[in-house]
Amino acid sequence: MKGLIFINPFRVPKECVHQAERLKEEFNKLGVDIDIIDDGYQRVTVSGDGLAMNLPTADFAVYLDKDKYLSNLLEKVGLRLFNTHSAVRVCDDKAETYIALSGKGIKFPKTIFGALCYNAELKINNETPNIIEKELGYPVIVKESYGSMGKGVYLAKNKTELLSIMETVKLKPHLFQQYLPFKKGVDVRVIVIGGKTVAAMERRNDNDFRSNVARGGQGNIIDLPDSFKYTAESCAKILGLDYCGVDLLYSEDGTPYVCEVNSNAFFSGIEKTTSVNVAKLYAEHIIRSITN
């Protein structure tokens, strides 16, 4: 069996390279040959006659990039991706994720989508924050729709701060979310593979409202409540994910609220914290999916 692993051509973030190398290591142990591809975009040409692709013949590909065009092209020529193009696309855009989860019985913070500005010289109307304040209150979370590891996530404590952040993000897709004050700087990362929870850890950051390990958060082993497991697995099913990391927030009554769903969630931190070999479990799932 032959597989490909696609990573960003600029090899960023560095965690993505580690992810690919760990997966290759586990695939090799299982007898699967793997090539790591970091120039996939340059190997595809499109014309009126169709697609031409200069890639090794493979049974599958693990897609660790977020480039929606390349994933679309790869599937169009018949390459089976883990995760699929549609799943990666929806998870890469936070707004698309919340829209897909809405009405499915999944709890997540009340959300308002920001208007996209096309002219940097135009200013945010001073009355616009009043709508956000009325619906969500303060403090309020502002998120750029694209971003990972806590980047592009802001906390506004009042109207002045909100206006400033809105000016910062107005040219980018973004959204506003209700702030959940219970257990500030704490969330739960759940890894789901093949629809089943395989590992979980609580992340805590005493110096930032963002719990991401990249922002200084620390991972700890957790006895995962059934409600958290059910929510994470439901998100994976709704979004059609073979593999994902679901970030869940605590609410005061114990109900888990979805913060984000990551189709290419980094697993090095959770492997170290829990001693679960996530890379091996993901490789085994892919092999079963291909051979069954």
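1. The five strands of an open sheet follow the order β13-β12-β11-β14-β15 with antiparallel pairing, where two strands count as paired if DSSP finds at least two bridges between them, and where strands (E, at least two residues) and helices (H or I, at least four) are DSSP runs numbered from the N terminus. Because β13 (218-221) and β15 (257-262) stand at the edges with a single partner strand each, one side of each has no neighbour in the sheet.

2. This is a predicted model, in which local features need pLDDT of at least 70 and side-chain atom pairs count only at pLDDT 80 or more, while totals for chains, interfaces and linings use all residues. Residues are numbered from 1 along each chain as its sequence is written, and side-chain values use heavy atoms, leaving out hydrogens and water.

3. Strand β11 (residues 186-193) runs antiparallel to β14 (residues 243-249) and is joined to β14 by six bridges; within this pairing, Val188 stands opposite Leu248 in β14. Helix α9 (residues 278-291) packs on the sheet and touches β11, β12 (196-204) and β14, contact meaning heavy atoms within 4.5 Å.

4. The count of salt bridges comes to 19, each being a side-chain nitrogen of Lys or Arg within 4 Å of a carboxyl oxygen of Asp or Glu. In one of them, the closest N and O atoms of Glu271 and Arg22 are 3.0 Å apart, and this pair links helix α8 (residues 268-274) to helix α1 (residues 14-29) across 249 residues.

5. Both Glu271 and Arg22 are buried, whereas Lys14, at 66% relative accessibility, is exposed (buried is under 20% relative accessible area, exposed over 50%, partly exposed in between, with a 1.4 Å probe and protein chains only).

Notes. Axes fitted to C-alpha atoms, helices over the stretch in contact; angles between N-to-C directions.
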